[in-house]
Amino acid sequence: MDTQWPRWEVFKQDSPNKPHQAVGSVHAADPEHALLTARNIFARRPQAVSMWVVRAEDIYSWTQEEVAEGQMTKGESYQAQVGQYLVFRKTSHKRSMTFVDYVGEVQAATPEEALKKAQATFTDALALAWWIVPTDRVYKSDPSPETIQSWFAPAKDKTYKQQQYYATVGSHISKHKVGRGVEDEK
């Protein structure tokens with residue numbers, strides 16, 4: 001019996017003119033729980049104006065190599081009728097984790113067809129990875145000004161200190177070198 005809550009991928013938007021970007025994942029029982037947990041983890045200090053969560057199993061992903069080899073089928077495909085799909089793309093290896101940016105939406109009958117349409121539509125940059133997500137599987141934070149204020153404003157003005165600004169409590173290493181072993185002899 002699996003006792004682990006499902007894993008949800010988190011997409012955060014830093015400002016209204018920036019795309020949603022995958023920032024990590026959380027384990028949660030349902031979409032509301034996932035959004036609250038994501039807010040507590042990923043928007044405590046960095047600026048944010050919106051968050052989306054998607055169960056990890058609802059994301060269809062392809063690497064650049066899989067696309068080049070024609071490995072378009074992803075097991076049991078999402079049984080959807082023609083609908084909207086969100087398209088996310090990774091364009092750089094600059095970050096160590098798999099960060100993908102939201103680039104837009106396409107209409108398709110399957111995730112595989114959505115990928116083909118995304119490849120034809122979003123051609124402004126080389127894609128190292130694609131994520132395709134049915135729009136009905138995406139849960140979004142409330143876009144009302146009241147929610148944005150209550151969810152994200154507290155983090156906006158919070159002072160952030162780099163680790164080196166915090167004092168270290170301890171003794172200087174020279175104290176430990178001089179007389180080393182002397183105390184043991186007493």
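Which residues are buried in helix α3 (residues 111–121)? Here is a short tour that starts there.

1. A word on the model: it is predicted, with local features needing pLDDT of at least 70 and side-chain atom pairs counting only at pLDDT 80 or more, while totals for chains, interfaces and linings use all residues. Residues are numbered from 1 along each chain as its sequence is written, and side-chain values use heavy atoms, leaving out hydrogens and water.

2. In α3, the buried residues are P111, E112, A114, L115 and A118 (buried means under 20% relative accessible area, exposed over 50%, with a 1.4 Å probe and protein chains only). Helices are DSSP runs of H or I with at least four residues, and strands are E runs of at least two, numbered from the N terminus. Viewed down the axis of α3, the buried residues fall within an arc of 155 degrees, so they line one face of the helix; the arc is that of the directions from the helix axis to the C-beta atoms. K116 and A120 are exposed on the other side of α3.

3. Now to strand β3, where S50 lies. S50 is buried, at 11% relative accessible area. Its side chain makes a polar contact with the side chain of H20 (2.9 Å); such a contact is a pair of N or O atoms within 3.5 Å, and within protein one must be able to donate a hydrogen and the other to accept it, with residues adjacent in sequence counting only if both atoms are side-chain atoms.
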